[in-house]
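User: I'd like to learn how the terms used for a protein model are applied. Could we take them one by one?

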Amino acid sequence: MPPKVRVFWWRVLHEFLPARHILHRRHIEQVANCEVCEARYETIKHVLVDCTIAKSFWKTAREMTGVKLPKLNGHTWALDLIQPKPCPKRDAAVIICGMWSLWMMRNKRRHGEPVFSVHQAVTWVRDTACEVWHLLHPVKTESASRPPRLFW
């Protein structure tokens, strides 16, 4: 994963992202609800998994990449995604990049900035995760495994 996504995931694991529910608990926000779907609490998990935008994102991601968001435990979901059991590493990379993209979309929406469409966000995630995966796991071709030919 790109370094910015790794930092993001560390912040997810330590609940160090400014979701409205967290800000409300710290007496920074007056309300804790989701601005998009009016859910009672905008938690990190809500933004990344349960919100209507997140659900649309994961449906589109499944159609475009074949990666399905696994069933996640409500308390250990973030840690579960980096464990080998719920999904293969390649799928986890797409999922975590997708969650970073969802968080960025949420922040842009909150600050009144233009937001990618769900399709554009999934396309970015697919391309980024694929690019990083191929950089870390290069495919060996037949010609690359053969010694070079000498021409004379």
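Analyst: Let's start with K68: leaving aside its neighbours within four places in sequence, K68 is in contact with R62 and I95. This is a predicted model, where local features need pLDDT of at least 70 and side-chain atom pairs count only at pLDDT 80 or more, while totals for chains, interfaces and linings use all residues. Residues are numbered from 1 along each chain as its sequence is written, and side-chain values use heavy atoms, without hydrogens and water.

User: What makes R62 and I95 contacts of K68?

Analyst: Contact means heavy atoms within 4.5 Å, and R62 and I95 meet that for K68. K68 itself lies in the loop between α4 and α5 (77–80). Helices here are DSSP runs of H or I with at least four residues (strands are E runs of at least two), numbered from the N terminus.

User: Why is α4 called oblique to α6?

Analyst: Helix α4 (residues 52–65) and helix α6 (residues 89–110) pack at about 140 degrees, with axes 11 Å apart. Axes are lines fitted to C-alpha atoms, for helices over the stretch in contact, and angles run from 0 to 180 degrees between N-to-C directions. Under 35 degrees is roughly parallel, over 145 roughly antiparallel, 65 to 115 roughly perpendicular and the rest oblique. The angle of about 140 degrees therefore makes α4 oblique to α6.

User: And what makes α1 roughly perpendicular to α6?

Analyst: The axes of α1 (residues 3–13) and α6 come within 10 Å and cross at roughly 80 degrees, so α1 counts as roughly perpendicular to α6. K4, V5, F8 and W9 in α1 meet I96, C97, M99, W100 and W103 in α6.

User: How many residues of each class are in that contact?

Analyst: The contact of α1 with α6 has 8 nonpolar, no polar and 1 charged residues. Ala, Val, Leu, Ile, Met, Phe, Trp, Tyr, Cys and Pro count as nonpolar, Asp, Glu, Lys and Arg as charged, and the others, Gly among them, as polar.

User: How do you know that R20 and E35 form a salt bridge?

Analyst: A salt bridge needs a side-chain nitrogen of Lys or Arg within 4 Å of a carboxyl oxygen of Asp or Glu. For R20 and E35 the closest N and O atoms are 3.5 Å apart, so the pair qualifies. R20 lies in helix α2 and E35 in the loop between α2 and α3, so they tie together parts 15 residues apart in sequence. The structure holds 8 salt bridges.
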